[in-house]
Amino acid sequence: MIQNDTIVAPVTYPGKSAVGILRISGMNTRRIAREILGKIPKPRFATYAKFLNKNKTILDQGISLWFPAPFSFTGEDVLELQGHGNPLIMDLLIKRILSIKNTRLAKPGEFCERAFLNGKIDLVQAEAIDDLINSETESMVKGSLNSLEGNFSCYITNLVEILNTFRVNIESSIDFSEEEINFHCDDIVNNNFQKLNDQFLNIKKIIKNKSIIRESKKIIIIGPPNAGKSSLLNILSSRNRAIVTNIPGTTRDLLYESINIDGFLCEIIDTAGLHDTDNEIEKMGINRALEIVKTCDHILFVIDKTIDIASQKKISSDFIKKINLCNSGIRITFILNKNDLLKDSFGIKKIEDFYFISISALTGQGLDVLKKHLIKVEKNKEKEGLFIARRRHVHQIDLSYREFLKAKKTWVKYKNIELLAESLSLMNKLLGEIIGSFSSNDLLNRIFSTFCIGK
Ligand code: GDP
């Protein structure tokens, strides 16, 4: 994809340093090289050069590197100028370059974006470059490098390949009659379902065990009104972030708070109480909460422990059913709140696969147990990650797997090739958004705008 304008930006950190590097990419780069250097340097060789002003006076001198298209990072003509790391000199050089027609300053992440748009890297690799620059631990550096090598993308590409073969197999059968479908397709479909299922589960397992999620963990507080959700958010964040009243429905939308639990950074989300309501605003809040649950790592489901045990059991089992319906692997901890009003002991219990922690969000009793539990379960251990996964990758895989399960059910019920083809195409799109074979401008803006200038 050819971009009309040529972009320029400093690649090195602003401030005084021994060397300052500028990168220029685009159609005009050859002309810029001729004007600034008086010649086109030998491709991919370090060439000593004087960097010239319009009137041929010397602005600076240093090394020039010339990468003609398509053999460059962006896939376009690229020139790198390594001069003296004085911000004043860099500014003068940039001004000089900008005085040449169709040249402008690069936006954050624009070099990476061009590399992606020109097919030099996929979206996961572009994100890995940003992750690499921002890695804070050695294992994150290793994980980012592995992602950059394409180690994560290849799992997705394999899955998409299975999907595409499946699509070709069944789309050629669309004109078959119902009986023929029963004879010809059932085996093919079931065989492919099995392959897809295996590959999905394999990727999910790898993500769970071998990936490092870069973003902070998302913990959502959910539960019936008046159970003490907002009180819990306030006490966890040590400030009065949410309004606490005994009037049900006070929290109507989502409240986000970044908190630090003994060095473990996470994002806590307080939600509207889950209950049947006719109030439209409350209803919207509840629906948004249920929607956002799917993107979280951990649910703290708050129950008022002073209500009778049968109701507590019903509330918790109804919720587990609801979450299972969504088929998510999100962890749930049940918080039995208002324990200060009872004579029960504080602490943690495990019943089947679930933890129940008795606390008082009013007095803070039991909170240390909850914090320890969250750190134990959620804190990224210094594990050797095979690669860095971003939350958006995990989310797209979950959405695609959900569509897969839906497609399986629909096939058993209707044996309809068109419906199956539609689902496979949607799965293909959802997975394609991970590596960028399907990408909207909005998605690209969201990703690249968080990069630094010069990347
Ligand atoms: P939410 O609707 O679930 O967000 O509940 P709130 O946090 O607004 O609390 C509802 C009411 O319960 C308020 O009057 C709180 O003061 C009270 N409350 C919350 N947590 C506790 C607790 O641990 N013990 C006692 N005694 N009261 C609590």
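The model is predicted; local features require pLDDT of at least 70, side-chain atom pairs count only at pLDDT 80 or more, and totals for chains, interfaces and linings use all residues. Residues are numbered from 1 along each chain as its sequence is written, and side-chain values use heavy atoms, with hydrogens and water left out.

The ligand is surrounded by 18 residues. The closest are N226, K229, S230, S231 and D340. By class, the shell divides into seven nonpolar, eight polar and three charged residues. Here Ala, Val, Leu, Ile, Met, Phe, Trp, Tyr, Cys and Pro count as nonpolar, Asp, Glu, Lys and Arg as charged, and the others, Gly among them, as polar. Helix α8 (residues 229-237) supplies the largest share of this shell, with three residues. Helices (H or I, at least four residues) and strands (E, at least two) are DSSP runs, numbered from the N terminus.

A polar side-chain atom of S231 lies 2.6 Å from a ligand oxygen atom. A polar backbone atom of A361 is 2.9 Å from an oxygen atom of the ligand. For a polar backbone atom of A227, the distance to a ligand oxygen atom is 3.2 Å. Taken alone, the ligand exposes 580 Å², and the protein buries 86% of that. Accessible areas come from the Shrake-Rupley method with a 1.4 Å probe; for residues, only the protein chains shown count as cover.

N226, one of the closest residues to the ligand, has a positive phi of about 70° although it is not a glycine. N226 lies in the loop between β8 (217-222) and α8. Its relative accessibility is 30%, so N226 counts as partly exposed. On this scale, buried means under 20% relative accessible area, exposed over 50%, and partly exposed in between (1.4 Å probe, protein chains only).

Aromatic pairs were searched for across the whole structure, and nine were found. Rings of Phe, Tyr and Trp (its six-membered ring) pair if their centres lie within 6.5 Å; planes under 30 degrees apart count as stacked, over 60 as edge-to-face and the rest as tilted. F193 and F404 form an edge-to-face pair, 5.7 Å centre to centre with 75° between the planes. F193 lies in helix α7 (residues 178-210) and F404 in helix α12 (residues 391-414), so the pair ties together parts that are 211 residues apart in sequence. Both F193 and F404 are buried.

F404 also pairs with F200. Their ring centres are 5.6 Å apart and their planes lie at 35°, so this pair is tilted. F200 is in helix α7 and F404 in helix α12, so the pair links parts 204 residues apart in sequence. F200 is buried, as is F404. One aromatic cluster is formed by F166, F193, F200, Y401 and F404.

Charged side chains also sit over rings. The criterion is NZ of Lys or CZ of Arg within 6 Å of the ring centre and within 35 degrees of the ring normal. The charged end of K42 sits over the ring of F45, 3.8 Å from its centre. For R23 over F111, the distance to the ring centre is 5.3 Å.

Two further backbone features occur in loops. The peptide bond from A69 to P70 is cis, with omega near 0°. P70 is in the loop between β4 (58-67) and β5 (78-85). K56 is not a glycine, yet its phi is positive, near 70°. K56 is in the loop between β3 (47-52) and β4. At 56% relative accessibility, K56 counts as exposed.

Several C-alpha distances join parts separated in sequence. E171, in helix α6 (residues 153-171), is 246 residues from I417 in sequence and 7.4 Å from it in space, C-alpha to C-alpha. E171 is partly exposed, at 37% relative accessible area. L362 lies in the loop between β14 (354-358) and α11 (367-378). Its relative accessibility is 72%, so L362 counts as exposed.

Definitions and conventions: Near = heavy atom within 4 Å. Polar contact = N/O pair within 3.5 Å; in protein donor to acceptor, adjacent residues only side chain to side chain.
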